[in-house]
Amino acid sequence: MDRGTRDPGGNLMNAVDAPVRESVTKKKEKTATPWNVVVFDDPVNIMEYVARVLMRIFGFSREKAEELMLMVHQNGKAVVWSGGREKAEMYVQELHGSQLHATLEKSS
Amino acid sequence: MTVMPTINGGIKLTPESDKDWAVLKAIAFDAHEELAARLGRLMDEESMWEDIVVPDLKTHFSGQLDHVVKAVNEGKEKDEITIPKEEGELWYGALNQARLGLESKYHFGQEEDIEPDELEEEERQGYLRGRFYCAIQTVLMEYVLEI
């Protein structure tokens, strides 16, 4: 007798449905983990350009963008944003599109 | 070469010699061939960047270069190149790819550390092209780009 999982409506779920549920749970965990968007310094991108890109992508004020740009330049890298992984990936994609060197790292 | 802002919010490049045209034609040659992949290598495997994002970035970057190559070829016939406001980002991106390519090839590092006369000739030519590209980018940023 099939004693499979039932959905909220009481209907029996077949074997194919079960992994989907697990996948959704994992996805929730994945997106709930805080992630940092990190921008790296490079000798090519003009400082003013970096500040403008940060303003455009993240909506930072000029002051905030310049402060972060200087942190990138002086420290070699800086965390410019923290939050959910999916949104962080979207930001990194935009940074790469603007030819800035950027990645994600788990927030400590 | 003269670089001047136009009243329509763009800039006009007026090359004055074959050497100027040669430098403009070198933009696509100097551009980093694997920029999208190199940026992608900064990401972890979980992101599947190589499969999902890198192909789009490659298309985006090659589109910038294609645009500039076409504009330079067309400009050669008129002895000048006009960069309208709406094309400023394409030019800026192509010039940036060229500078990233030169940096990747020659590892110049920070500009203040470079003494051009001490470089080998090929490297020196690359360094000077990079400065030339940067000068155009600076004008684009001051007069054209809206970001």
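Modeller: Let us begin with a definition: a residue is called exposed when its relative accessible area is over 50%, and buried when that area is under 20%. Please keep in mind that this is a predicted model.

Colleague: Does Asp79(B) count as buried or exposed?

Modeller: Asp79(B) counts as exposed because its relative accessibility is 51%. The residue sits in the loop that links helix H4 (54-78) and strand S3 (81-83) of chain B.

Colleague: Which residues does Asp79(B) contact, leaving aside its neighbours within four places in sequence?

Modeller: Asp79(B) is in contact with Thr14(B), Pro15(B) and Trp21(B). Thr14(B) is 65 residues away from Asp79(B) along the chain, yet their C-alpha atoms are separated by 6.7 Å.

Colleague: Where does His107(B) lie?

Modeller: His107(B) belongs to the loop between helix H5 (88-106) and helix H6 (121-143) of chain B. Its phi is near 55°, again a positive value in a residue other than glycine. His107(B) is exposed because its relative accessible area is 60%, and the cut-off for that word is over 50%.

Colleague: How many residues stand between the two strands of the hairpin formed by S1(B) and S2(B)?

Modeller: There are 5 residues between them, and Gly9(B) in the turn has a positive phi of about 90°. Strand S1 (residues 2-5) and strand S2 (residues 11-14) of chain B are antiparallel and are joined by 4 bridges. Within this pair, Pro5(B) faces Ile11(B) of S2(B).

Colleague: Let us turn to chain A. How many helices and strands does chain A have?

Modeller: Chain A has 4 helices and 3 strands. Along the sequence, their pattern reads α-β-α-α-β-α-β. Of the 108 residues of chain A, 39% count as buried. Chain A exposes about 6,300 Å², of which carbon and sulfur atoms supply 52%.

Colleague: In what order do the strands of the open sheet in chain A lie?

Modeller: A general idea first: in a regular strand the side chains alternate between the two faces of the sheet. Here, the 3 strands of chain A lie in the order S2-S1-S3, with antiparallel pairing. Strand S2 (77-83) and strand S3 (102-106) are the edge strands, each pairing on one side only. From one strand to the next, the twist averages 30°. Strand S1 (residues 35-40) of chain A is joined to S2(A) by 6 bridges. One residue pair to locate is Val37(A) with its bridge partner Trp81(A) in S2(A).

Colleague: Why does Trp81(A) count as buried?

Modeller: Trp81(A) counts as buried because its relative accessibility is 18%, and the cut-off is under 20%. Not counting residues up to four places away in sequence, Trp81(A) touches Trp35(A), Asn36(A), Val37(A), Phe58(A), Lys87(A), Ala88(A) and Tyr91(A).

Colleague: Which residues make the contact?

Modeller: H2(A) contributes Val53(A), Leu54(A), Ile57(A) and Phe58(A), while H4(A) contributes Tyr91(A), Glu94(A) and Leu95(A). By class, this contact has 6 nonpolar, no polar and 1 charged residues.

Methods. Residues are numbered from 1 along each chain as its sequence is written. Chains are lettered from A and ligands numbered from 1 in the order in which they are written. This is a predicted model: local features need pLDDT of at least 70, side-chain atom pairs count only at pLDDT 80 or more; totals for chains, interfaces and linings use all residues. Side-chain values use heavy atoms; hydrogens and water are left out. Contact means heavy atoms within 4.5 Å. Ala, Val, Leu, Ile, Met, Phe, Trp, Tyr, Cys and Pro count as nonpolar, Asp, Glu, Lys and Arg as charged, and the others, Gly among them, as polar. Two strands pair if DSSP finds at least two bridges between them. Axes are lines fitted to C-alpha atoms, for helices over the stretch in contact, and angles run from 0 to 180 degrees between N-to-C directions. Buried means under 20% relative accessible area, exposed over 50%, partly exposed in between (1.4 Å probe, protein chains only). Accessible areas come from the Shrake-Rupley method with a 1.4 Å probe; for residues, only the protein chains shown count as cover.
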